Amino acid sequence: MEPDLVRQSETVPPSIFRIVRPDSGICTVMSRVEVTTTPNGRPLSAHGILADISDPAMLARAEAAQRQRDQAIFDSVRAFTSTAYTFPFIKFSQKWLDLVGLPESELLQDPTRPFVKAEGVPWSARIGGMYASNHASYLLPDLRLANGDTVRYRLLLVPVLNDAGHIESWTQLIGPIQLRIRPSGRLRLGLEQHLESGHVRAARALLDWSMADLSGASGVSLSTIRRLEGSIASVSVANRNQVIGALRSAGIVFSLMDGATIAVSKGRQIAG
């Protein structure tokens, strides 16, 4: 069976907020949800937890459990995601260091050391162009791994925007090219932030929704929906996220195809 990056589930980015208890006390909770899907991405069910993280020790345990899940994926398929806040790099993911078997000091001098020499434009210039493009982009280099193998990898780079629409960070997915990608967490957030108006119109058509239907489901005004479907860049990141969340809840699946192309399909609506 061909391995998936996140196997048969997708983790919705966790939310942290405060609630008022029945005794009027206030506590901080974290909501984490996982969606179980078929291999072609159709949602089947969803389950999650609501954990009281007012206790720092409980939060630490939850974060440790997530790190264990990420490590299990890396150990199984040699793929991982990481987040960078600066370019040029000032630090590298430990999983990247483990994958290529080079010390961080050498990679800081030349980040492309693990890349097999390419024809045409040097890898360093290609990577710089990815970060400067402000769009999701990818490379398919041959990498020299720590075990001595040379393997064709996919390096997908997705900028993540803050509420003001500026780039906050870049999320990178690094994995063998034969690996099917099921975006989750910050990777999915970044990809969905870069959907085009055409994706939204296609999703609405699949649901047989009017603009008014999408407005009602998302809580975004009808005039904003009209602007969004004309030019998605004219609408705030917060409103875009609300619209995408409503479409996803109604059963729309945004899938990553070859390269950095996003496809729109319809699955089954997820209850709850």
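Is E106 buried, exposed or partly exposed? E106 is partly exposed, with a relative accessible area of 28%. The tour returns to this residue at a later stop. Keep in mind throughout that the model is predicted.

**Stop 1: the whole chain**

Start with everything shown and coloured by secondary structure. The protein has 9 helices and 10 strands. There are 272 residues, and 40% of them count as buried. Of the contacts between residues at least 6 apart in sequence, 50% join residues at least 24 apart.

**Stop 2: the largest nonpolar core**

Select L187, V200, V243, L247 and F254. These are the residues with the most contacts inside the largest nonpolar core, which has 24 residues. At least two residues of this core come from each of strand 7 (150-161), helix 5, helix 6, helix 8, helix 9 and strand 9.

Now centre the view on F254. Leaving aside neighbours within four places in sequence, F254 is in contact with E192, L195, H199, A203, I244, L247, I262, A263 and V264.

A second, separate core has 23 residues, including F92, L97, F115 and L139.

**Stop 3: helix 6**

Select residues 197-207, which form helix 6. Which residues of helix 6 are buried? They are S197, H199, V200, A203, R204 and L207. These residues cover an arc of only 160° around the axis, so they sit on the same side of helix 6. An α-helix has 3.6 residues a turn, so residues three or four places apart point the same way.

**Stop 4: helix 8**

Move to residues 222-230, which make up helix 8. T224, I225, L228 and E229 are buried there. Their arc around the axis is only 130°, which puts the four on the same side of helix 8. The cover over the buried residues of helix 8 includes helix 6, helix 7 (211-218) and helix 9 (237-249).

**Stop 5: salt bridges**

The whole structure contains 5 salt bridges. Three of them are visited here.

Show the side chains of R204 and E229 first. They meet in a salt bridge, 2.6 Å from N to O. Because R204 lies in helix 6 and E229 in helix 8, the pair ties together parts that are 25 residues apart in sequence. R204 is buried, at 15% relative accessible area. E229 also counts as buried, at 5% relative accessibility.

Next, show R248 and E192. Their side chains form a salt bridge of 2.6 Å, N to O. R248 belongs to helix 9 and E192 to helix 5 (residues 185-193), so this pair ties together parts that are 56 residues apart in sequence. R248 counts as partly exposed at 25% relative accessibility, whereas E192 counts as buried at 12%.

The side chains of R113 and E106 meet in a salt bridge, 2.6 Å from N to O. R113 is partly exposed, with a relative accessible area of 35%, and E106 is partly exposed at 28%.

**Stop 6: two loops**

Stay in this part of the sequence and select P111. P111 lies in the loop between helix 3 (104-109) and helix 4 (123-133). Its relative accessible area is 28%, so P111 is partly exposed. Draw a line from the C-alpha of P111 to that of W123: the two are 9.3 Å apart in space and 12 residues apart in sequence. Beyond neighbours within four places in sequence, P111 is in contact with F89 and F92. F92 is also included in the second core.

Finish with H194, in the loop between helix 5 and helix 6. What lies 2.7 Å from a polar atom of the side chain of H194? The backbone oxygen of G190 does. Not counting residues up to four places away in sequence, H194 touches N134, P159 and L161.

Methods
Residues numbered from 1 in each chain as written. Predicted model: local features only at pLDDT ≥ 70, side-chain atom pairs only at ≥ 80, totals over all residues. Heavy atoms only, no water. Buried < 20%, exposed > 50% of the residue type's maximum accessible area, 1.4 Å probe, protein only. Arc of directions from axis to C-beta. Contact = heavy atoms within 4.5 Å. Salt bridge = Lys/Arg side-chain N within 4 Å of Asp/Glu carboxyl O. Polar contact = N/O pair within 3.5 Å; in protein donor to acceptor, adjacent residues only side chain to side chain. Core = buried A, V, L, I, M, F, W, Y, C linked by side-chain atoms within 4.5 Å.
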